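Here is a note for a colleague who is opening this structure for the first time. Please read it with the model on screen.

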Amino acid sequence: MTPEFLRDAAGVAAVFGFFAMAWFGWAQEAPPAKWLWPLRIGSILSGLTAVAGGLLLWRHWSDGSVIDASVGPKFGIVVGIEFALAGLGCGLLAWRKRADLMSAWIAFVVGVHFFPVAVLLEIPALHVTAALVTIASIASVFIAKARSLTVSAVVGATTGPILLVSGLLALADALTR
């Protein structure tokens, strides 16, 4: 990951660990039975990553961060736009009776929002995470249809590991400074 500040690496680990756990959880909505244990293990590892990152973030809260008075509001705007687009898209999908695609839509919005976040946080490696999550969100719809799986299972089973690995890389980066 290599963000400039340890605090930012720890923050990425905490946030990505938390959201990886959420994606692994969403994948457990209706997965094939043989996916359950790997998804559960992914959830546990993600939770441990979130806790470790969170503790490290708390310990280094007063250290430097790229998020300052200039970056903070911009970051808030990006996240606000992300939430608005996710909510509007899910509302439209519900209205069109396509709630089955909500997980893919949310993953798509999350993936796309990582591109400006990578720039704001000055972490070029987040572009890789952004691209992988965006691609996974689109590919999951086609994979789910081709294999008669629920979209949420495929999206969660692809997005969860991407965020977990990214979170673990950020945690390793923070711990080795």
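Predicted model: local features only at pLDDT ≥ 70, side-chain atom pairs only at ≥ 80, totals over all residues.

The points below go from the whole chain to single residues.

1. **Overall make-up.** The protein chain has 6 helices and 0 strands. From the N terminus on, its elements run α-α-α-α-α-α. The radius of gyration is 16 Å, close to the 16 Å that the globule rule gives for 177 residues, so the chain is as compact as a globular protein of that length.

2. **Extent and burial.** Along the principal axes, the C-alpha atoms fill a box of roughly 50 × 35 × 20 Å. Of the 177 residues in the protein chain, 44% are buried.

3. **The nonpolar core.** How many residues does the largest nonpolar core have? The count is 41. Phe114, Leu126 and Leu163 have the most contacts inside this core. Two or more residues each come from α1, α2 (36–59), α3 (71–95), α4 (102–120), α5 (126–147) and α6. The largest share comes from α1, which gives 10 residues.

4. **Helix α1 against helix α6.** Two packed helices are described by the angle between their axes and the distance between the axes. Helix α1 covers residues 6–27, and helix α6 covers residues 151–175. They pack at an angle of about 160°, and their axes are 7 Å apart. An angle over 145 degrees counts as roughly antiparallel. That makes α1 roughly antiparallel to α6. The crossing of α1 past α6 is left-handed. The residues of this contact divide into 21 nonpolar, 6 polar and 1 charged.

5. **Helix α5 against helix α6.** Here too the packing angle is about 160°. The axes of α5 and α6 are 8 Å apart. By this angle, α5 is roughly antiparallel to α6. What is the hand of the crossing of α5 and α6? It is right-handed. Compare this on screen with the pair in the previous point: α1 passes α6 in a left-handed crossing.

6. **Leu163.** Leu163 lies in helix α6. Is Leu163 buried or exposed? Its relative accessibility is 1%, so Leu163 counts as buried; the cut-off for buried is under 20%. Leu163 is among the residues with the most contacts inside the largest nonpolar core. Leu163 and Gly17 are 146 residues apart in sequence, yet 6.8 Å apart in space, C-alpha to C-alpha.

7. Pro31 lies in the loop between α1 and α2. With 17% relative accessibility, Pro31 counts as buried. Thr150 is found in the loop between α5 and α6. At 31% relative accessibility, Thr150 counts as partly exposed. The C-alpha atom of Thr150 is 6.5 Å from that of Ala30, and the two residues are 120 apart along the chain.

8. **Loop α2 to α3.** Ser70 lies in the loop between α2 and α3. At 41% relative accessibility, Ser70 counts as partly exposed. Ser70 and Leu120 are 50 residues apart along the chain, and their C-alpha atoms are separated by 9.9 Å.

9. **Backbone angles to check.** Most residues other than glycine have a negative phi. Which values do Lys97 and Ser148 take? Phi of Lys97 is near 60°, a positive value in a residue other than glycine. Lys97 sits in the loop between α3 and α4, and at 73% relative accessibility it counts as exposed. Phi of Ser148 is near 55°, also positive in a residue other than glycine. Ser148 is in the loop between α5 and α6. Ser148 is exposed, with a relative accessible area of 69%.

Conventions
Residues numbered from 1 in each chain as written. Heavy atoms only, no water. Axes fitted to C-alpha atoms, helices over the stretch in contact; angles between N-to-C directions. Helix = DSSP H or I, 4+ residues; strand = E, 2+ residues; numbered from the N terminus. Parallel < 35°, antiparallel > 145°, perpendicular 65-115°, else oblique. Left-handed = near helix turned anticlockwise from the far one by under 90°. Nonpolar A, V, L, I, M, F, W, Y, C, P; charged D, E, K, R; others polar. Core = buried A, V, L, I, M, F, W, Y, C linked by side-chain atoms within 4.5 Å. Buried < 20%, exposed > 50% of the residue type's maximum accessible area, 1.4 Å probe, protein only. Rg over C-alpha atoms; globule rule 2.2 N^0.38 Å.
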